[in-house]
Amino acid sequence: MANRPRPRSTPKQPPRWRRILKWTVAIGLTTAVLSLLALVIAVYTARASLPSFDTLKSSPNGQMIRVHAADGTVIVSLGPSYGEWIPYSQIPEPMRDAMVAVEDRRFYSHIGVDPVGIARGIQVSFERDKRVAGVSTITQQLARNVFLTSNRSYGRKVREGILALALERKFTKDQILELYLNKAYFGGGAYGIDAASRKFFGHPATSLTLPESAIIAGLVKAPSNYSPTADASAAVERGRVVLRLMQRQGVPGAAEVSAADVQGVKLAPEPMQNSVRYFTDWALPQLEMLIDETIEPLEVWTTLDLSMQRSADAAIRANTPGGAQGALVALDRGGEVRAMVGGKDYVASIYNRATQATRQPGSAFKLFVYLAALEAGRKPDDQVVDEPVTIEGWSPRNSSRRFSGTIDLRTAFAYSINTIAAKLGLEVGFGTVADMARRFGITTPINTQPSMVLGTSDVRLIDMTRAFASISQKGVAVTPYGITRVTANNQVIYQHQVDTSRVLVSPQVAAQMTDLLQTAVNTGTARAAQIGRPVAGKTGTTSSNKDGWFLGFSSGITTGVWMGRDDAKAIPGLQGGTAPARAFAAFMKQAVASRPVEQFDTQVTLPDWQLEPDDEAYYGNADAGAFVDADGNPLPPDGGTIQPRGEDDDAPPPPGAGDPDAEQQKLDQEWLDRVTGRAPRDARDARDLPPQRRPDASREAPVRQPPTTIIRDQDVPRPNQ
């Protein structure tokens with residue numbers, strides 16, 4: 001048999017996964033090589049375009065900003081504060097060591113970026129569920145400070161890394177550190193260690209000690225928070241942290257320095273500054289959202305009225321009780337902030353209590369309770385019953401410890417009757433009240449417990465003032481703003497436009513609310529706020545006299561005033577109807593002096609005369625806006641137990657009763673017409689009044705003491721959460 005040719009065997013193909021792996025590795029290596037080549041090209045291109053060392057030394061730091069008041073007056077010039085340029089050889093070694101220890105401990109070993117630091121930052125971000133932060137080297141920070149902006153984006157981070165690598169290729173480590181220490185921002189407008197040393201310690205940087213160096217090095221992380229001019233204790237504590245880092249890293253001489261040495265550093269006194277800085281500190285950070293990034297010098301035109309600002313500052317200083325702080329915000333019709341005072345002394349404390357502090361508003365929060373009730377169909381003349389009431393185990397009480405029976409809503413609001421506010425909150429739903437507050441611009445969390453109607457949720461003064469301003473504008477939303485336009489090189493790059501398109505409540509509801517508010521000023525808890533022209537407003541006082549509020553409007557200006565201690569301790573005698581109302585009146589008399597008198601849509605209407613006036617109105621006690629504990633249970637102002645009062649207890653008389661010299665202070669319409677600047681009614685108008693509201697009506701109606709109305713849990717409608 002002839003031999004047949006054996007078939008040729010085909011080569012065995014490698015497994016498919018090996019082929020995929022091979023191509024993946026090849027593509028990956030090619031990509032890595034191309035990326036590395038692109039990076040090298042980018043770095044050396046950047047290196048070629050970098051200015052010389054001498055040019056960088058002479059280049060300006062920061063951006064100049066001039067801030068104008070509404071009349072064009074320059075109120076603040078912001079920008080870099082420069083010291084002398086300190087060569088590397090003259091920079092104290094403790095200053096160099098402190099900065100490296102706290103900002104970039106591998107500064108002398110990395111190539112401009114620190115892979116170890118980046119890896120550690122990524123690990124920390126995963127452990128703490130936060131984005132990567134704090135991984136920039138000194139070289140990267142120098143690149144950002146000199147060539148880039150602080151915009152947080154991946155593109156900026158890539159450019160920062162490339163520039164850092166280029167800087168390391170062009171300059172020595174000593175040159176980079178010299179540039180960094182002379183250009184970094186240390187807070188308080190100080191750029192460079194010499195400006196910082198002169199500002200904070202009163203001497204040149206060449207004589208910085210190790211404790212002083214630790215404090216300055218600690219400022220770079222957060223200049224606004226740790227600056228000695230902002231918070232001396234925070235700056236010193238941050239200096240201790242830097243000292244511990246230096247000791248841990250074995251910096252020469254650090255071991256011999258104790259925390260007490262840092263504590264003993266003497267800070268230079270801050271030059272006097274006025275309250276205008278509260279306004280500029282609030283308004284200028286908004287530039288980042290209003291304009292595109294630019295290095296051009298800026299002219300910022302604001303809404304601030306210097307005359308009103310001076311009046312506001314004087315009113316707060318003159319009326320705020322000793323040991324307490326005060327704040328004031330005044331808004332014009334379109335939301336223009338005409339005056340802002342965040343405290344009695346900006347030098348002593350830059351903390352802005354008008355925009356940053358959150359405190360309980362007390363009865364001022366009833367604005368939203370009554371707005372919700374009016375929107376639901378209630379009217380100021382509706383009859384309600386002031387009686388004991390229990391809601392989910394909570395029993396609100398009135399400041400007078402009495403109950404007045406059937407009264408109208410106007411009376412209940414004017415005299416800040418807590419039981420009626422609780423009933424209205426239950427009627428419309430506590431969630432509805434919270435929604436109304438949110439609708440009117442309250443940005444802080446609001447609880448929906450029954451006691452919330454008495455103002456137990458913390459709020460900001462500027463938010464509450466905004467809400468009252470929206471009522472003054474007939475229910476149209478008012479948004480506070482401080483910057484009207486911004487120019488750069490005489491070109492307008494931002495112009496504010498007032499938005500009047502958002503209607504929060506109908507004009508009728510706003511008019512009814514104004515009706516209640518002006519009655520409170522003219523006959524109720526806020527009579528100290530009268531200024532000789534129509535005013536609408538509301539007081540607020542919290543438990544143990546910790547907070548006093550007054551918010552109101554007249555002739556287009558809405559003003560909110562808060563007073564209290566920063567540590568929330570009680571202030572004897574502080575009530576919304578006393579010092580805050582007096583500060584409001586002192587400010588508003590001057591603020592609206594040149595404006596025409598404006599009448600409200602509704603006339604002032606007397607409340608039921610026979611109502612027992614509450615303690616705050618005539619006897620100087622708080623209006624019980626929040627005499628409740630953390631669980632909403634009632635507390636007496638003296639911290640003791642509440643003793644029930646019987647029907648035989650004497651009710652306090654109306655103003656002027658039994659005093660011939662005070663007869664003219666009786667609550668009649670003639671008196672109201674006089675204090676509001678209106679012409680007196682004629683005899684026919686007087687005859688049209690209900691009998692109990694005529695000037696000659698009897699004032700002997702008894703006060704009724706009805707039984708308690710108990711509302712069980714199952715009877716309470718649950719608001720939508």
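## Ser-197 and its surroundings

A polar atom of the Ser-197 side chain lies 3.3 Å from the backbone oxygen of Pro-204. The model is predicted: local features need pLDDT of at least 70, side-chain atom pairs count only at pLDDT 80 or more, and totals for chains, interfaces and linings use all residues. Residues are numbered from 1 along each chain as its sequence is written, and side-chain values use heavy atoms, with hydrogens and water left out.

Ser-197 sits in helix α8, residues 193-201. Helices here are DSSP runs (H or I, at least four residues), numbered from the N terminus. Ser-197 is buried, at 0% relative accessible area (buried means under 20%, with a 1.4 Å probe and protein chains only).

Beyond its neighbours within four places in sequence, Ser-197 is in contact with Gly-202, His-203, Pro-204, Ala-205, Leu-208 and Ile-216 (contact means heavy atoms within 4.5 Å). Leu-208 is 11 residues from Ser-197 in sequence and 7.4 Å away in space, C-alpha to C-alpha.

## Helices α16 and α18

Helix α16 (residues 366-375) packs on helix α18 (residues 418-428) at about 50°, with the axes 9 Å apart. Axes are lines fitted to C-alpha atoms over the stretch in contact, and angles run from 0 to 180 degrees between N-to-C directions. The two helices are therefore oblique to each other (angles under 35 degrees count as roughly parallel, over 145 as roughly antiparallel, 65 to 115 as roughly perpendicular and the rest as oblique).

From α16, the contact uses Lys-366, Val-369, Tyr-370, Ala-372 and Ala-373. From α18, it uses Asn-418, Ile-420, Ala-421, Leu-424, Gly-425 and Val-428.

Key: Buried means under 20% relative accessible area, exposed over 50%, partly exposed in between (1.4 Å probe, protein chains only). A polar contact is a pair of N or O atoms within 3.5 Å; within protein, one must be able to donate a hydrogen and the other to accept it, and residues adjacent in sequence count only if both atoms are side-chain atoms.
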